[in-house]
Structure formats: C-alpha cells, structure tokens
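Colleague: Please take a close look at one strand in this model. Tell me how it is placed and what surrounds it, then move on to other parts.

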Amino acid sequence: MRNDRNTEDVALGIRRRVFEHSIRNNGGYLSQACSAAEQLAWLYNEQLNLGDPTLPMIPKPFEGVPSSDNPEYHTGAGYNGPADPQYDRLFIAPAHYALVAYATLIEVGRMAPEGLEMFNKDGSSVEMIGAEHSPGMEVHNGTLGIGLSTGSGLAWGRKRRGESGNTWVFMSDGEVQEGQTWEAVQACAHHGIDNLKAIMDVNRQQCDGAMDSVMKVGDIAEKFRIFGAHCVEIDGHDISAMRDAAQEKHDGKPLIILANTSPYHTMNILQERFPRLHYVRFKSEDERARMNVSIAADLGIDPIEYVH
Amino acid sequence: MVEMVSRPYATAFEKYAVAHPEVLCLSADLTSSCEVDGFRDRHPDQFLSLGMAEQNMMSFAGGLGLAGYRPFIHTFGVFMYRRPYDQLMASVAYPRRKVRLMGFLPGVTTPGGMTHQSIEDISVMRSIPNMTILETGDATEVESICEAADSIDGPVWCRVLRGSVPRLFDTPIKVGEMRELSDGTDVLVVTSGICTEEAMRARAAFAKAGLSIRHLHLHTIKPFDSDALLDHIASVKHGVVTLENHVVDGGIGSLVAETMAEAGIGKRLVRLGLKDTYAHGGSRPYLMRFYGLDALALVGGIEDIMGQEFGITETHLDAARVDDVHSLVKAEAL
C-alpha cells in the first residue's frame, strides 16, 4: 500500500492533527510532533513495505488484555497490515509518541480521523501511552529501552525463517540512558542481526528537561558504532537524508539512523516552554490562546476553535 | 537405596529440543552450569548465547516468541526475574509469549548465598497474570519438564534441579495434577521440590510413631487444583503442614492457606520454609537444617499440629544424602 501524497505533506498533516488535538484537550505531546513528524511520515509513506490494514478504520473499543480467557485478543498491529514474511514490521519504542503515531496512521489512510477522538478516553483502545492493542502497536513499549531488544529477537527469528521483510524500530534518544539499549546493540552485533533497522528521534529532550541537564549521554553515534551498530547521523527534518541513510550498507550489523531534530520545529512559540517540553499542558487560557494563534500561523491553518 | 540420576536435564533437553525445531536454547553465560553445554556444542544452530545481559535476553526472547519460536531460557532462576522483572512482565508475561523460563538452583540448592538463591520466585510468579509455574522434585520430573512446559500456551516458570538428582517417581509431570504419595488420615503434608524427598525421609518414623500421614507433592503450582487439595484436607483429622524450599509468604504455604481460607476450612495449618529471612551461603543439608526446611523441621511441624511430641530424632529418619562438594556431575562449585 502506497500513499499518493508526498511525505512533506504527510508530516505537515501529522503536526496539524496533533496541534488541533492538543489545543482542544488543553495539552498533548506537541513537541514530539515537532521533532518526529518527518520520521514517522517517511516510514509510513515511503520506507516501510506494509500490506493493507486488517483492522477496522474506526478502532474497536478496548476488548481486554491477553489471557487464556480472551481468545479473541489481538494487537493493534493490523493497522500496519498483515505480518506476512515479505512485509516490514514497526515498533514504536517510545510509546508516549502514540499521539503522533496515531496522527500518522490517519494521514496515510490507515485509521479514520474518528480514531483520534477516542484518544485517552475511558474504554478506548486508542490509549495515551500506546498499548499492544492500540492502533499501529504490536508490543508494549511504555517501559523505555525494551523496544530494540524485542525488535532484535523478532529480526533474528525472521532471518532464521528466511523472511525478506525488515524489522524497524522507531526510538527516542532518552532510551540510550537505559542499559538495555546497549545490551541489545551488542547482541545484534554478536549475532549479525542486519535485518533490524532503527531511526531515533534525537531531540535531546526527556521528561525532566534537556537531556544534558538530566544525564549526559555523550556522543551517541560513536557509542553505537563502538557497540557494533552501523550508525548514520542526519538532519531529522530532511526527508531526502532519511532516504539516503536507509540505503547504507550494513552487512552483519543493525542500522541505526540518528535523526537530529528540534523539539519545537515548525512551532516556534514552544521555545517559551523549553526545557520542559515532554508533555505540553497550557498553563493558562492566555497561553493556550497565544499558542493557538502562533502555531496555527506556523502550520498555515486558522486557529482552532475550542471549548474554554 | 534411591536411584541417583546424573544430569537428567542435559539428556532430556537435548532429546526434546532436537525433536522440536521451533525450540531454541538461550543461555546467559551459565551454559555448563545449566547443563546445556553439550547441546550448544552438538546443536549450535539451535543455540543462542546472549551473554550476561538478562534484560535484553528477556525482551529478545519475547521477540523470538513473536517470530513463532519457543525459547527455553537457561540461567539461574534468580537472574531471570530480579534484574529483568520489567522485561519479564512487558515482553514475556503480558503478551503470553511461549517462553520457557528454566530457573536453575531454586532456593537453597546453591551455596552462592543471597545473590544466587531464588527464595521468593514462586511468590513473584504466582502474582504475574498469564504465568504458569512448575517445580521439579526428582529426576523423573526433570526429565519431563521440557515437554510439560512446552505444552503450555503462554510463559512458564520452571524450578529445575541439576547435577545428581534422586528418582522418586515413575510417572512424568502431568500439568495441573498433584501427586498423592501416601493416603493417611491424621495430618496432610504438602511439599514441593527438594522438600518432598525430605518428607519421605520421615515416612518410616511417622509410621512407627503411629501417625497416619497423607502426603501430597506439588509439581504444578499455577494453575492449581484447589478442589483436589480441599478433598485431601477433608480426609485428615488434625490439620495441614506445608514444607517448601522458598519463603512461606507467597509460596505453597500461602497457596494452601488461601485455599483453606476461601473454603472456610477450620483446620490448623503450619507453614514451614524460609520465614521472612534471607538465607546465606552453605551446603544444602546445612541450609535445610539451619532454616528448618528438612525432615526434622517437618517432624516439629507435625508435633505442633498434634500437640504432642513423638520422640523422633535424626537417628529415626532415613539417612540424608550428602553430595560430594566437588562431584563430577556439578559444573562448578556454584
């Protein structure tokens, strides 16, 4: 399944949807849309080889957790299409990017806009922190640092089966503070897992603020290389750079693309909130109104009408 | 004299895995200590070394499960849940991956002290939704643990014995059932793992003292057949004693207590095991005596229930087995 729109338009659409949602709900993961929109747009609109969705465009309500008493249970992976051997798989490792990921599904025609109206509503499967059963998700990644390991295991298994599809992991840079990320890379290098590819949103932000103030991580690219990955650094808002990076040869190693991004790209007024950008909840009606006008202008739309 | 079987897991795992190509052997730098070194050497394509990196191993195993494989993880039990508990939850237990967690050195079966002794694993696993718990008590159960675990549609926690293991039973593990080892009417004794052999050491002494003991051995701890246990409890006059190689909180002592309480059973219960304490490093017989996990401790528990002493001392019990400290069947001191 291929989308007719260009990837820049998809990225803009993602930001508009996340912005509209955040203004209406008096807050949201706005900054993640600033930094990651191009990456998710590029993955879904160009890079990933995915089949048609197998789940309804309007998400079903929460239908229970995995259990022997719940034989009908399924994950949200069906929004990415079937898990056939030739298709790629995608894990959203930082599950709090879910709002941005859902907006992406809508922009590429894999989920209806009504899906976003269900975001974080009681009884909905469109959860705030993407769960296994949330649209586009296949595994739980709300605990940061486990995504790359799970992707490694899946990729190793798929390679053993001779499947041609790749396993992609969308990562966030805060995850490099977790030891498990490095355990995963060394395991990939040791076992030559080269059908695993990751793109990491390097926005240098985490929940407490700027990463450098919370826990310095040094030269991430050099560390990945030393641990045995093939690591490429790009401008994370430059889609042609992503295309080039994905073409890099990485025989016997996983590919990790570091997408250097700005946490307020295309929403300049968010600089006022720096360095606390993890979840932007408006501090006053005045701030909400000012940001509405400013960001709407940045994104080329009218300010959002909302209930005060 | 009880038959001793040398390294039953090594033989049984290889036989099972070779016949089931979807089974993968995972190890975290304790390959010979978990008796799968021979398998690694003879079947390298089915073996994955994941190094001393248990957090990655747990999520990696979840990914292998997603790819349709059934990983058997081999390491000391304690290393498989304490450090990578988050990964065990999110990558294995929640999604019901068919990961078989082969936990070696349960409880005080290691001289390695606190860091090596999994004394609360059953308590932890019982509270994890989707988890199945099996525990081996003899060589026959070790020989059948792979097939039993691999029959489960979901993750399985196994307490596995290694080295020289006594053969007490002649039938394999049947998941969900319990073994009735004697059918007395005075006191019900419920044991699991290595404590079952201890309880059997006291059998003759109890008979001589005129005590009629009903003895159950549990190899399946979750799911648990409460109705069967209640029938056995109804068959004894005085009460129940549990004996386990684990803390009494959350283990089979708690399991029996919860079963009795929920059914409104008004009988005495004495729970023997580690009582809100860590153990330390030492030999197995020493630790079992020191912490009250052995046959003599069971005698005390039964005397407590009966309200009388029977004069049973160590000399009346069948001899305890003492393994050579540096036996050839042991991979290393640990």
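Modeller: Glu135(B) stands opposite Arg159(B), a residue of strand 7 of chain B. Keep in mind that this is a predicted model. Glu135(B) belongs to strand 6 of chain B, which covers residues 132-135. Strand 6 of chain B pairs with strand 7 of chain B, residues 156-160. The pairing is parallel and runs over four bridges.

Now look at the side chains. In a regular strand they alternate between the two faces of the sheet. In strand 6 of chain B, Thr132(B) and Leu134(B) point one way. Ile133(B) and Glu135(B) point the other way. All four of these residues are buried.

Next, a place where two chains meet. Helix 6 of chain A makes the contact with Gly179(A), Gln180(A), Glu183(A), Ala184(A) and Ala187(A). Helix 3 of chain B brings Gln55(B), Asn56(B) and Phe60(B). By class, the contact has three nonpolar, four polar and one charged residues.

Last, a strand in chain A. Arg281(A) sits in strand 9 of chain A, residues 280-281. Arg281(A) has 14 C-beta neighbours inside 10 Å, so it counts as partly exposed. Beyond its neighbours within four places in sequence, Arg281(A) is in contact with Asn26(A) and Gly27(A). Gly27(A) is 254 residues away from Arg281(A) along the chain, yet their C-alpha atoms are separated by 4.0 Å.

How values were computed
Residues are numbered from 1 along each chain as its sequence is written. Chains are lettered from A and ligands numbered from 1 in the order in which they are written. This is a predicted model: local features need pLDDT of at least 70, side-chain atom pairs count only at pLDDT 80 or more; totals for chains, interfaces and linings use all residues. Helices (H or I, at least four residues) and strands (E, at least two) are DSSP runs, numbered from the N terminus. A residue is buried if 20 or more other C-beta atoms lie within 10 Å of its own, exposed if 12 or fewer, and partly exposed in between; C-beta atoms are placed from the backbone. Two residues are in contact if their C-beta atoms, placed from the backbone, lie within 7 Å. Ala, Val, Leu, Ile, Met, Phe, Trp, Tyr, Cys and Pro count as nonpolar, Asp, Glu, Lys and Arg as charged, and the others, Gly among them, as polar. Two strands pair if DSSP finds at least two bridges between them.
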